[in-house]
Structure formats: C-alpha cells, structure tokens
Amino acid sequence: MKILRRYMHNRLGNFNYLIGCEETHQAIALDPLDGQQMLDLAQQQGWQIKLIINTHEHHDHIEGNPVVAAATGAPIWAHENALGNIPNQARGLKAGDLIELGSIRLKVLFTPGHTPVHLCLLAEADGHNAQPILFSGDTLFNACAGNCFNGGDVDTMYDSFVSQLMPLPDETLLYPGHDYMKNNLGFALSREPDNSDARCWQQAVADTEHDDMPVMTLGQERLYNPFLRLHSEKIRARLKQEFPHLGEGDRDVFKALRALRDQW
Ligand SMILES: [Zn+2]
Ligand SMILES: [Zn+2]
C-alpha cells in the first residue's frame with residue numbers, strides 16, 4: 001500500500017489522498033477536493049482509481065467526487081448515515097466493514113462528532129504495512145481535535161476519541177484531513193507552555209512546506225496533542241484558571257479544551 005498525500009493550497013488547508021496498491025495498480029481517492037489533480041496523480045503513477053471514499057459530507061471533502069467519478073466510473077462510498085447528504089453515494093459503510101482493493105485493507109471506524117456521519121479508515125499492520133495507518137479526516141488532527149460547529153457535537157466527539165482512537169497503538173501513522181499542525185502546536189503550547197515536545201516540533205516544522213509536513217505517529221501525538229493528554233495535571237491546572245468549576249472527568253477536560261480552541 002502506497003499513500004500519496006497532496007496539500008490543496010485552499011483556504012481550508014485540505015490534504016487529499018490517493019491510496020494505491022503497488023501490485024494491482026488500483027487506487028482509492030480519499031476525500032477528493034481537486035478531482036483533476038487526483039486524476040493526474042493517478043495517471044503519473046499508472047494507477048486506476050477504483051473507489052472514492054469520503055470521511056464525511058462537508059463540501060471540502062466531496063467536491064472532487066464528480067470529476068473523479070465521471071473519469072473513472074469509481075463508485076462513491078461513505079458512512080451509511082451520509083446517504084442522502086452526499087450526491088451519488090453508492091454504498092453506506094458501517095463500523096467494522098472491511099474495504100479491500102488489491103493488497104489494500106481498510107477497516108471502517110465510525111467516529112461521529114465532527115459531524116454525525118464521520119468515519120475514519122484504519123489499515124492494520126500486516127504483511128503489507130509494518131505499522132498501522134489511520135486516515136482520520138476531521139476527527140484527529142496533528143496536535144488537535146476537529147471542531148464541532150458545523151453539525152457536530154463535542155460529547156459525541158469525545159466518545160469517538162475514547163472508544164475508537166485512544167486505544168490505537170503508539171506506532172499508528174496519522175494521516176489527517178487538513179494540515180493545521182503549526183497553528184495547532186501554538187494552541188498546544190498555550191495550554192502547556194513548558195511542553196518540550198510541542199516546542200521542539202514547533203521549531204522543527206516552522207519553515208516546512210505543507211506538502212513536506214512530517215507524518216506523525218499516535219505515540220508522538222500523545223506527547224503534545226492536548227486532546228490526547230486529558231490526564232495531564234498541568235493542562236488541568238491551567239484550565240481551572242479559565243473554568244473554575246471544571247469537573248474532574250476527562251470529558252470535562254476535553255470539552256473545555258475544545259471550547260478554548262474554538263476561540264483560538
Ligand atoms: Zn469537515
Ligand atoms: Zn475538513
């Protein structure tokens with residue numbers, strides 16, 4: 001399985017992905033925004049796009065569907081709850097479904113919160129992938145969690161983090177739907193000013209172009225992403241300055257962080 005990640009240079013900073021099987025030269029277009037660019041990329045690789053998958057229904061994750069579908073005949077798959085929200089969706093996926101194309105194996109995780117239909121895709125470690133790979137859409141970003149203000153719900157997002165993402169192993173590679181890493185590291189440091197990992201990565205990527213941003217592991221994210229550090233005493237102590245009545249539960253911490261990030 002080979003992953004091509006392309007930054008879209010749009011205002012929202014989307015990443016588009018082509019996931020290809022190097023044996024059969026078949027590929028999946030994930031969340032295409034610039035459909036023509038994905039077609040050109042597939043052609044350069046000698047790949048045939050056989051499938052389009054959308055993590056969720058927001059326009060910046062589906063806008064390239066028609067161009068890719070018209071040129072390749074690839075069907076559009078997304079979560080079953082998205083049926084009716086994504087034009088020409090051919091199949092409704094649900095949690096646990098296995099998507100197989102050549103040597104590609106992607107497990108569907110149902111991760112609502114950013115929107116009620118959001119899914120993530122997980123390639124587990126096997127003979128083809130040394131490490132698990134997570135395509136996290138707008139749920140988990142480098143150094144942050146997705147927002148919940150366009151049809152989302154923060155309690156549901158927290159539940160998805162706890163049940164679906166937090167249990168994944170440290171070596172899981174993270175491929176998110178947008179590149180917000182630099183800005184998010186700034187937010188992380190505003191919550192934990194003496195977090196040396198956040199500081200280190202902020203310096204490391206300061207001059208890095210979007211297309212060259214590092215692919216992080218969940219283990220690395222756990223060192224600086226505040227939404228994966230809900231137990232941190234320092235994060236909690238600082239939050240209590242803004243939220244004097246903050247509860248003791250991880251959910252309270254997650255929601256307070258998300259509320260602050262909304263205004264960051
Ligand atoms: Zn979105
Ligand atoms: Zn998005």
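Modeller: Two strands count as paired if DSSP finds at least two bridges between them. Helices (H or I, at least four residues) and strands (E, at least two) are DSSP runs, numbered from the N terminus. Here, S3 and strand S4 (residues 48-53) pair in the parallel sense over five bridges. Residues are numbered from 1 along each chain as its sequence is written, with chains lettered from A and ligands numbered from 1 in the order written. The model is predicted, so local features need pLDDT of at least 70 and side-chain atom pairs pLDDT 80 or more, while totals for chains, interfaces and linings use all residues; side-chain values use heavy atoms, without hydrogens or water.

Colleague: Got it. Which residue stands opposite Ala 29 in S4?

Modeller: That's Ile 52. S3 has another partner too: strand S2 (residues 15-20) pairs with S3 in the antiparallel sense over four bridges. In that pairing, Tyr 17 has Leu 30 of S3 as its bridge partner. S2 and S3 make a hairpin with five residues between them, and His 25 in the turn has a positive phi of about 60 degrees.

Colleague: How should I read the side chains of a strand, and which residues of S3 point one way and which the other?

Modeller: In a regular strand, side chains alternate between the two faces of the sheet. In S3, Gln 26, Ile 28 and Leu 30 go one way, Ala 27 and Ala 29 the other, and all are buried (under 20% relative accessible area; exposed is over 50%, partly exposed in between, with a 1.4 Å probe and protein chains only). Since five of the five residues of S3 (residues 26-30) are buried, S3 is largely enclosed by the rest of the structure.

Colleague: On to the metal. Which protein residues are the donors of the zinc ion (ligand 2)?

Modeller: Donors are N, O and S atoms within 2.8 Å of the metal (3.2 Å for Na, K and Ca); water isn't among the atoms, so sites may look incomplete. For the zinc ion (ligand 2) they come from His 61 (NE2), Asp 138 (OD) and His 178 (NE2), lying 2.0 Å from it. His 61 sits in helix H2 (residues 59-62) and His 178 in the loop between strand S13 (173-176) and helix H5 (181-191), so the pair ties together parts that are 117 residues apart in sequence. Both His 61 and His 178 are buried. Asp 138 coordinates the zinc ion (ligand 1) as well, and the two ions are 3.3 Å apart.

Colleague: What about phi? Where does Asn 88 lie, and is Asn 88 exposed or buried?

Modeller: Most residues other than glycine have a negative phi. Asn 88 isn't a glycine, yet has a positive phi of about 60 degrees. Look for Asn 88 in the loop between strand S5 (76-79) and strand S6 (89-93). Asn 88 is exposed, with a relative accessible area of 69%. Ala 143 also has a positive phi, about 65 degrees, but Ala 143 is buried, with a relative accessible area of 0%.

Colleague: Last one: in what order do the five strands of the open sheet run?

Modeller: The order is S7-S8-S9-S10-S13, with mixed pairing. Strand S7 (98-101) and S13 are at the edges with a single partner strand each, so one side of each has no neighbour in the sheet. Strand S10 (residues 133-137) pairs with S13 in the parallel sense over four bridges, and Phe 135 stands opposite Tyr 175 in S13.
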